[in-house]
Amino acid sequence: MNEENFGERIRKAAELIGGQLELSRRTGISSTSINKYVLGESDPSRSRLVAIAKATGVNVGWLAAGEGPMEREAAYIYMGEGETAGRGEGGIEPPPRSVP
């Protein structure tokens, strides 16, 4: 059983990308709001929860409820228009694009 609370999971996720200020920058969520989530004083909306998970590369189920693995199974994190970053080391090929 996972004994971490929601605030601890937000803090851990933020640490993956450099901390709460970087999380704020990447998501557009104020650092005050993120701090309130970490302290358990407030809960994010569903859209903000998803934004935090995407920005940090964690599994939204883990972030929301402590269920499943911490990191998403996908090997790529969205970095911006046309950019991805592979998780782990080595020359990872980008995922194939679907052909209509």
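Predicted model: local features only at pLDDT ≥ 70, side-chain atom pairs only at ≥ 80, totals over all residues.
Student: How is a pair of packed helices described in general?

Tutor: Two values are used, the angle between the axes and the distance between the axes. For α2 and α4 the angle is about 110°, and the axes lie 10 Å apart. That angle makes α2 roughly perpendicular to α4, because angles of 65 to 115 degrees count as such.

Student: Which residues make the contact between α2 and α4?

Tutor: Leu23, Arg26 and Thr27 contribute from α2, and Ala51, Ile52, Ala55 and Thr56 from α4. Sorted by class, this contact has four nonpolar, two polar and one charged residues.

Student: At what angle do α1 and α3 pack?

Tutor: The angle is about 130°, with the two axes 6 Å apart. α1 is therefore oblique to α3. On the α1 side the contact involves Phe6, Gly7, Ile10 and Arg11; on the α3 side, Ile34, Tyr37 and Val38. The classes here are five nonpolar, one polar and one charged.

Student: Back to α2. Which of its residues are buried?

Tutor: Helix α2 covers residues 20-27, and within this helix Glu22, Leu23 and Ser24 are buried. Leu23 also takes part in the contact with α4.

Student: What covers the buried residues of α2?

Tutor: The cover includes α1 (6-16), α3 (31-39) and α4 (46-56).

Student: And which residue follows α2?

Tutor: Gly28 does, and its phi is positive, near 80°.

Note on methods:
Residues numbered from 1 in each chain as written. Heavy atoms only, no water. Buried < 20%, exposed > 50% of the residue type's maximum accessible area, 1.4 Å probe, protein only. Helix = DSSP H or I, 4+ residues; strand = E, 2+ residues; numbered from the N terminus. Contact = heavy atoms within 4.5 Å. Axes fitted to C-alpha atoms, helices over the stretch in contact; angles between N-to-C directions. Parallel < 35°, antiparallel > 145°, perpendicular 65-115°, else oblique. Nonpolar A, V, L, I, M, F, W, Y, C, P; charged D, E, K, R; others polar.
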